[in-house]
Amino acid sequence: MSFSQKSQRYVQEKGQFDYLIPHTIEKNEELKAKFEEFMGEISKKYLEFVEAGIPAEDARAVLPNACSTSMVVSTNLRELIHVANLRLCTRAQQEIRLLIKGMCDALTEKEAWLKEYLVPKCERLGFCDEDKSCGRKPKLPNME
């Protein structure tokens, strides 16, 4: 896979940066409000540093992992199947699952025959080989 991502070095944030709220925080209204307030504070500090002449590549150090980004991904089918098998697992981080699911959905919209391959690996294997299983498929007896 090859990734091209929006640069935080050369692209300066203007005003409030876009961010994602983790679903576990979003469903708690009190914590969601605190999260949004904190993102606003970070944005103000970032802009303060940039306006003081700090280069965007240094000011970006205060930006959180929750920042949204733009990305272009190039891949071949074999690698997409591999990544889908790993990252469509319910134990993978939600943002990654959503990204990979979107990629797979876009492809299977044109090539429906690929649906059986672009699934969590437990679906292809018939069992779970993860240390911690979600319970979707049984673990092999010697793995417990």
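View 1. Gly102 and Arg91 are 11 residues apart along the chain, and 17 Å separates their C-alpha atoms. This is a predicted model, in which local features need pLDDT of at least 70 and side-chain atom pairs count only at pLDDT 80 or more, while totals for chains, interfaces and linings use all residues. Residues are numbered from 1 along each chain as its sequence is written, and side-chain values use heavy atoms, with hydrogens and water left out.

**View 2. Lys101 is also placed in helix α5**. Its relative accessibility is 43%, so Lys101 counts as partly exposed. Between the C-alpha atoms of Lys101 and Cys89 there is a separation of 10 Å, and the two residues are 12 apart along the chain.

**View 3. Helix α4 crosses helix α5**. The axes of α4 (residues 77–87) and α5 (residues 94–110) come within 10 Å and cross at roughly 140°. Axes are lines fitted to C-alpha atoms, for helices over the stretch in contact, and angles run from 0 to 180 degrees between N-to-C directions. The angle makes α4 oblique to α5 (under 35 degrees counts as roughly parallel, over 145 as roughly antiparallel, 65 to 115 as roughly perpendicular, and the rest as oblique). Leu77, Leu80, Val83, Ala84 and Arg87 in α4 meet Ile96, Arg97, Ile100, Met103, Cys104 and Leu107 in α5; contact means heavy atoms within 4.5 Å.

**View 4. The largest nonpolar core has 12 residues**. A nonpolar core is a set of buried Ala, Val, Leu, Ile, Met, Phe, Trp, Tyr and Cys residues joined through side-chain atoms within 4.5 Å. Among its members are Phe17, Phe35, Tyr46, Ala59 and Cys67. Two elements, α2 (29–51) and α3 (56–59), each give two or more residues to this core. Helix α2 supplies the largest share, 5 residues. Apart from this core lies another, of 9 residues, including Leu80, Leu88, Cys104 and Leu118. In soluble globular proteins, nonpolar side chains tend to be buried together.

**View 5. Ala59 touches four residues**. Leaving out residues up to four places away in sequence, Ala59 touches Tyr46, Phe49, Val50 and Ile54.

**View 6. Thr69 sits in the loop between α3 and β2 (71–74)**. With a relative accessible area of 38%, Thr69 is partly exposed.

Definitions and conventions
Helices (H or I, at least four residues) and strands (E, at least two) are DSSP runs, numbered from the N terminus. Buried means under 20% relative accessible area, exposed over 50%, partly exposed in between (1.4 Å probe, protein chains only).
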